[in-house]
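Dear colleague,

My account of what was found in it comes after.

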Amino acid sequence: MKGARVNAIYRKDLRDALRDSRLIVALLMPLLIGLLYSFMFKDDTKPTAKLGVVASTATRLPAALEAATKAAVQLKVQAFADQAALTQQVRDKNVDVGLIVPSGFDEALTGGAPPRLTVILPASPSFGGDYVAAMLDRVTQSLAGQAPAATVTRVMLPAAAGTSDSAFVALGARKAFVLVAVILMLAMIAVYALPAVLTEETEKRTVEALTLIASDAEVIVAKSLFGLTYCVISVPLMLAITRVAPENVALFVVDIVLTSVTLVGLGLLLGGLMRTQTQLNTWSTVALIPLMAPAIAIQLPLPGWAETLVSVLPTAQTMRLGVNALAGRQLFGAEWLSVAIILGWAVVGYGLVWWRLSRQETA
Amino acid sequence: MSAPSGGRAIIEVDGLSRHYGDVRAVDDVSFSVAEGEILGLLGHNGAGKTTTIRMLTGRARPTSGGALIAGLDVVRERERVKPLINLVFEEQNLYERQTGRENLELFAKLYGAPPARVAELLERVGLTDAAARKVRTYSSGMKQRLLVARALVNDPQVLFLDEPTKGLDPSSARDVRGIIREHASAGATVFLTTHYMEEADELCDRVAFLAAGRIVALDTPRELKLRYGERTATVLLHDRSEHEVRLDDGGDAARLEAWMAAGEVLTVHSNEGTLEDVFVNLAGRPL
């Protein structure tokens with residue numbers, strides 16, 4: 001094998017990729033999804049809610065609500081001058097729930113007179129808004145000095161290690177979904193970008209011109225390097241634009257490198273099987289499902305058999321190692337097993353590529 | 001094995017066959033080509049021309065038989081044969097998003113040719129001015145010239161061309177033929193397949209006719225025409241009537257003699273047989 005030939009083909013592929021709109025879109029789409037997730041979800045594990053209050057006299061109600069809901073919701077209180085302004089903010093969903101507190105509300109409560117309290121909610125309330133509204137009865141009873149009908153003790157169990165709950169609690173939804181976007185990006189490289197390059201070479205028969213002088217192995221190594229370069233550039237780019245930094249950088253690098261090598265192998269296999277771009281467009285979508293499903297399924301409660309099935313797929317293990325690396329703690333145990341499963345898939349992928357090549361050479 | 005008339009044989013093909021199931025794409029073909037010779041392989045679609053080239057360039061394994069190029073086995077010593085040969089593909093398989101220069105630079109690097117070779121070839125095929133343009137903006141003729149330039153990047157001892165002028169306008173085809181002739185005159189061996197009889201007649205030192213995977217005739221165009229072609233003459237009489245006579249036919253010859261004796265002949269044009277006639281005689285139908 002000659003390094004100069006591998007380098008020439010590799011550089012040609014990189015230059016070609018920058019001029020190929022299909023490959024640029026394959027890179028941009030997961031990046032944009034990651035960015036979208038980053039804006040949609042917060043790092044906090046508790047939902048937030050904004051409470052708007054119109055009160056002409058001082059009232060203890062907002063503070064009492066904040067205290068009563070703090071275990072489940074992060075409540076922010078904002079005062080408004082009049083009902084119209086508050087209603088508009090609720091309608092615009094800048095405020096989750098609005099309260100119109102009449103003058104002398106607290107005195108009326110303690111005096112036993114039932115004052116009128118107006119609650120404003122949007123047509124489709126948020127979880128936080130709904131929760132605050134539901135807590136109003138209990139809070140006003142408490143302010144009126146009434147004893148609750150029962151003493152409720154709330155016990156929140158800690159998330160068990162190695163479960164989707166623990167991943168979300170430790171990472172927050174934003175980081176967890178950015179990790180999903182990273183896996184989507186690697187999967188897109190494997191099932192679309194790299195096979196697209198290979199299929200185009202086959203369909204236009206340029207690969208025959210290459211192999212007039214280069215060996216099949218030199219072409220395959222160059223394509224692998226191209227796929228790995230694509231991964232190496234795109235993952236840090238994703239982390240940079242979403243401002244997600246892994247706590248355990250070394251584990252994250254091992255996770256991404258192993259997964260990239262494995263998925264590139266599977267991409268070479270897929271690219272070798274496809275004869276035309278049309279075939280690839282059809283089958284890449286199908287191939288994306290087993291690669292993406294585990295990354296999403298790991299965050300869902302699954303029956304035992306389904307969890308076992310999912311856990312043998314490489315991207316399920318990528319997700320497990322990724323969660324551990326981002327959290328900086330071993331939320332999913334047996335990291336060696338995750339590494340072994342990913343490596344096993346790499347052996348299968350490259351083994352099949354090698355087998356196909358040797359058959360081709362003797363054809 | 002059909003031998004060339006002179007010079008050292010650089011391509012030696014012996015009993016070469018390639019079968020796909022029951023289909024004999026190439027069936028026990030033997031011939032040799034001398035250094036510096038231009039050999040044309042003619043035949044219908046599916047006659048086995050491209051399969052022969054695929055086997056000689058190491059891209060398909062023979063079912064039986066074998067071939068040597070410069071004394072090297074094209075299968076067992078494929079890696080050593082590769083730098084000695086090159087091929088102009090039937091398809092215009094160029095990198096369309098790359099410029100003409102980038103296409104040639106890639107293959108110059110693959111073959112280890114000096115960088116100066118790229119500019120030299122662009123000049124030789126008349127693409128210097130278009131070298132910085134992406135290939136997708138090229139006309140078909142320009143692409144074909146670039147394909148030929150790519151195949152010359154390693155200055156191959158044996159240049160294979162699969163239908164090099166297919167689909168080209170007459171001017172572009174003439175340019176391509178000029179480049180081929182120039183390369184051959186520098187001492188290289190050229191092996192080409194074509195559908196165009198005039199092209200084969202004009203370019204080739206020898207021509208092989210392939211039918212159903214077998215070589216049915218192999219010789220110089222002139223010898224083939226003399227051996228298999230029909231000699232005819234077009235006779236114009238004083239009464240302005242025109243007659244086609246076969247010179248090898250006793251009856252026709254007697255008719256011509258009678259017209260001559262009677263002083264009725266105005267003009268006589270003798271016609272040599274064409275390769276097309278030869279092919280029809282041998283293969284049963286025209287190309």
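The notes below go from confidence and overall layout to the contact between the chains, and then to particular helices and residues.

This is a predicted model, in which local features need pLDDT of at least 70, side-chain atom pairs count only at pLDDT 80 or more, and totals for chains, interfaces and linings use all residues. Residues are numbered from 1 along each chain as its sequence is written, and chains are lettered from A and ligands numbered from 1 in the order in which they are written.

Confidence

The predictor assigns the complex an ipTM of 0.85 and a pTM of 0.78. In terms of pLDDT (the predictor's confidence in each residue, from 0 to 100), chain A has a mean of 87, with 94% of its residues at 70 or more. Within chain A, helix α7 (residues 164–171) has the lowest confidence, at a mean of 69, and helix α1 (residues 3–18) the highest, at 94. Chain B averages 89, and 97% of its residues score at least 70. Among the elements of chain B, the lowest mean pLDDT, 76, belongs to helix α10 (residues 275–283), and the highest, 97, to α3(B).

Overall layout

The domain bounds come from an automatic or database domain assignment. For chain A, this gives domain 1 (3–41 + 172–361) and domain 2 (48–143); the C-alpha centres of these two domains of chain A are separated by 49 Å. Chain B is divided into domain 1 (9–226) and domain 2 (232–271), with 44 Å between their C-alpha centres.

Chain B contains 10 helices and 13 strands, and its C-alpha trace spans about 75 × 45 × 35 Å along the principal axes. A residue is called buried if 20 or more other C-beta atoms lie within 10 Å of its own, exposed if 12 or fewer do, and partly exposed in between, with C-beta atoms placed from the backbone. By that criterion, 42% of the 287 residues of chain B are buried. Two residues are in contact if their C-beta atoms, placed from the backbone, lie within 7 Å. Of the contacts in chain B with a separation of 6 or more, 69% join residues 24 or more positions apart.

The contact between the chains

Chain B contributes 17 residues to the contact and chain A contributes 18 residues. On the side of chain B that touches chain A, β6 (85–88) and α3 of chain B each supply at least two residues. The most comes from α3(B), with four residues.

B:Leu110 lies in this helix, α3 (residues 100–111) of chain B. Leaving aside residues up to four places away in sequence, B:Leu110 touches A:Arg5, A:Ala8, A:Ile213 and A:Ala214. B:Leu110 is buried, because 23 other C-beta atoms lie within 10 Å.

Helices within each chain

In helix α3 (residues 61–69) of chain A, A:Leu61, A:Leu65 and A:Thr69 are buried. Seen down the axis of α3(A), these buried residues fall within an arc of 55°, so they line one face of the helix; the arc is that of the directions from the helix axis to the C-beta atoms. Their cover includes β1 (48–55), β2 (74–79), β3 (97–101), α5 (105–110) and α6 (127–143) of chain A.

In chain B, the axes of helix α5 (residues 140–151) and helix α6 (residues 170–185) come within 10 Å and cross at roughly 10°. Axes are lines fitted to C-alpha atoms, for helices over the stretch in contact, and angles run from 0 to 180 degrees between N-to-C directions. The crossing makes α5(B) roughly parallel to α6(B), a term for angles under 35 degrees. B:Gly141, B:Gln144, B:Arg145 and B:Val148 of α5(B) make the contact with B:Ser172, B:Asp175, B:Val176 and B:Ile179 of α6(B).

Two residues with positive phi

Most residues other than glycine have a negative phi. A:Arg205, which is not a glycine, has a positive phi of about 65°. A:Arg205 is found in the loop between α8 (173–203) and α9 (206–210) of chain A, and is partly exposed, with 14 other C-beta atoms within 10 Å.

B:Asp155 also has a positive phi, near 45°. B:Asp155 lies in the loop between α5 and β7 (158–162) of chain B, and counts as partly exposed because 15 C-beta neighbours lie inside 10 Å.

With kind regards

How values were computed:
Parallel < 35°, antiparallel > 145°, perpendicular 65-115°, else oblique.
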